[in-house]
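This report goes through a few loop residues and their backbone geometry. Please look at the sequence and the model together while reading.

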Amino acid sequence: MRRFLNALSQELSSAGLRGYGADGFAGQLPQAQVPQATEPCPRQQPQAGHQDWIGLNDARFAAFNVCPTCYHSLVRPTPYAGAFITKGGAIAPPPNVPVRCDMSRFWVRIAGTVLLTMNQGGRHDITLLARVAGIRAQDGECPNAQLTSARQPLATSQRTWYTIQDPQIGAQPLQGWTVCAACLISIQTCCPAIATSFAPLHPPGPRDSTCAFVPSDAYDDMRSGEMLQQVGGCAVTSGLLGRPDVSQLVSWLRENPPRPRGGLSGSSPAPSGLCPRNSPSTTLRCHTMRRLFNFTVCEQCFADVIQPDLARGVELARKFDMAPNAMPSDFTCQLYSDRMRRVWSEAVSTGDFEHLRQKVGERRAKEREVQMTTARLEQQAAVLRIQARTQEHLAINAMSVEANQASNNILVSGIGGGRRVDAWHVEVPSGVPDFSQTTQLNNQAAMLKLQAAQAEGEARMAQEEWRQYWE
Ligand SMILES: [Zn+2]
Ligand SMILES: [Zn+2]
Ligand SMILES: [Zn+2]
């Protein structure tokens with residue numbers, strides 16, 4: 001855990017410093033002050049009979065318990081040490097109840113790193129640790145929580161899964177990247193700025209999948225650490241933008257497909273990456289079909305759909321190149337949606353290759369059109385929002401200039417006319433603040449925002465039409 005937290009805190013501190021300037025909270029808490037465990041927690045397994053548990057002096061968090069070892073190495077050197085007390089009375093665990101040290105939990109340690117490196121806005125306080133420790137998802141713990149080495153395959157489980165979803169247009173850009181409820185709630189609690197960027201996987205309902213994170217207390221999962229660095233970066237960016245933005249995580253995941261885990265062989269090789277769906281990928285490989293080159297199928301969907309057909313001896317499936325290829329230009333997957341999987345299975349049962357060709361061709365043309373329309377509208381909306389913000393800033397400046405002007409006028413007329421200036425009865429007309437420029441600029445900003453919202457609305461409609469009739 002040490003190397004992992006070190007790398008993470010380094011990344012988060014530098015993201016914080018970049019974002020907030022050296023005078024921010026991160027400046028006072030350089031990376032060296034993120035303490036590392038000097039010895040492993042002796043109470044990772046629940047133990048009864050200890051009277052020396054340490055916790056917060058707050059009855060709401062009576063269930064939060066830290067062992068003295070973890071307290072001395074991880075909490076005492078930080079500015080938060082004063083919030084902890086040795087527990088007694090009502091907040092102490094009963095001596096016969098086995099209790100586990102909460103600082104030995106993966107997400108609690110991550111919460112500690114968040115508190116020390118990314119709390120520039122002062123949004124979190126020490127209760128973050130106790131709140132994260134108290135997270136219990138209805139579906140139970142993460143299926144990967146019990147993994148003890150990087151050689152073990154990720155554990156699958158049937159439940160509701162969550163993925164990244166654009167809060168504006170509702171699109172889910174990463175087929176196959178799923179997170180369990182327990183990990184998701186932990187991420188949302190630690191990084192509220194991006195909490196709304198996740199949603200249950202479409203279509204709704206429980207299904208078999210696995211969690212992208214390995215919140216193991218037994219070993220450092222490096223990929224989880226890398227993903228959390230991206231998550232932290234997104235949280236900082238979103239804080240600065242004032243709206244959730246996880247594009248950094250999405251691009252990173254597209255460019256860094258999961259490495260194969262473990263030495264377990266025998267099954268077919270794992271796909272090199274997630275399905276890109278309708279987001280063009282330049283890094284993944286795909287399978288193409290002879291005489292139908294624009295029917296590009298990612299490795300994931302090939303494994304899900306085409307492999308089983310090959311195993312059944314389906315003639316049409318043999319037209320695919322068995323080896324995935326890097327494409328000369330970016331590609332989108334044509335076989336991730338329920339609609340296209342239906343088209344494929346119809347073609348398989350009728351053997352009607354021409355029908356398949358026609359459907360793929362129509363869909364590709366529409367896909368291109370929707371991509372271009374959406375990109376244009378989103379660009380337009382982004383420009384309009386920047387213009388609106390500029391007008392708002394100008395309005396703030398204009399207001400102070402106009403207010404100043406007004407008070408100068410009062411002063412000048414007071415001196416020049418030799419009259420007493422009565423602040424309540426200003427007779428000089430030019431002493432009345434004239435905020436017409438401010439008003440005009442504010443009106444312009446409001447208009448630009450309205451136009452941006454319209455462009456975003458049109459982009460949403462294009463996406464909606466795509467999902468309903470074409471995807
Ligand atoms: Zn401990
Ligand atoms: Zn999980
Ligand atoms: Zn695919």
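The notes below cover selected loop positions in this predicted model.

**Ala193**

Ala193 sits in the loop that joins helix H6 (181-190) to strand E5 (198-200). Because 23 other C-beta atoms lie within 10 Å, Ala193 counts as buried, the cut-off being 20 or more. Beyond its neighbours within four places in sequence, Ala193 contacts Ala235, Ser238, Gly239 and Pro244. For one of these, Gly239, the separation from Ala193 is 46 residues along the sequence, while the C-alpha to C-alpha distance is 6.0 Å.

**The His202 to Pro203 bond**

The peptide bond from His202 to Pro203 is cis, and its omega is near -20°. Pro203 belongs to the loop between E5 and strand E6 (207-210).

**Positive phi at two arginines**

Arg277 is not a glycine, yet its phi is positive, about 50°. Arg291, also not a glycine, has a positive phi of about 70°.

| Residue | Phi | Loop | Other C-beta atoms within 10 Å |
|---|---|---|---|
| Arg277 | about 50° | between helix H8 (247-255) and strand E7 (285-289) | 22 |
| Arg291 | about 70° | between E7 and strand E8 (292-298) | 8 |

Is each arginine buried or exposed? Arg277 is buried, because its count is 22 and the threshold is 20 or more. Arg291 is exposed, because its count is 8 and the limit for that class is 12 or fewer.

Methods:
Residues are numbered from 1 along each chain as its sequence is written. Chains are lettered from A and ligands numbered from 1 in the order in which they are written. This is a predicted model: local features need pLDDT of at least 70, side-chain atom pairs count only at pLDDT 80 or more; totals for chains, interfaces and linings use all residues. Helices (H or I, at least four residues) and strands (E, at least two) are DSSP runs, numbered from the N terminus. Two residues are in contact if their C-beta atoms, placed from the backbone, lie within 7 Å.
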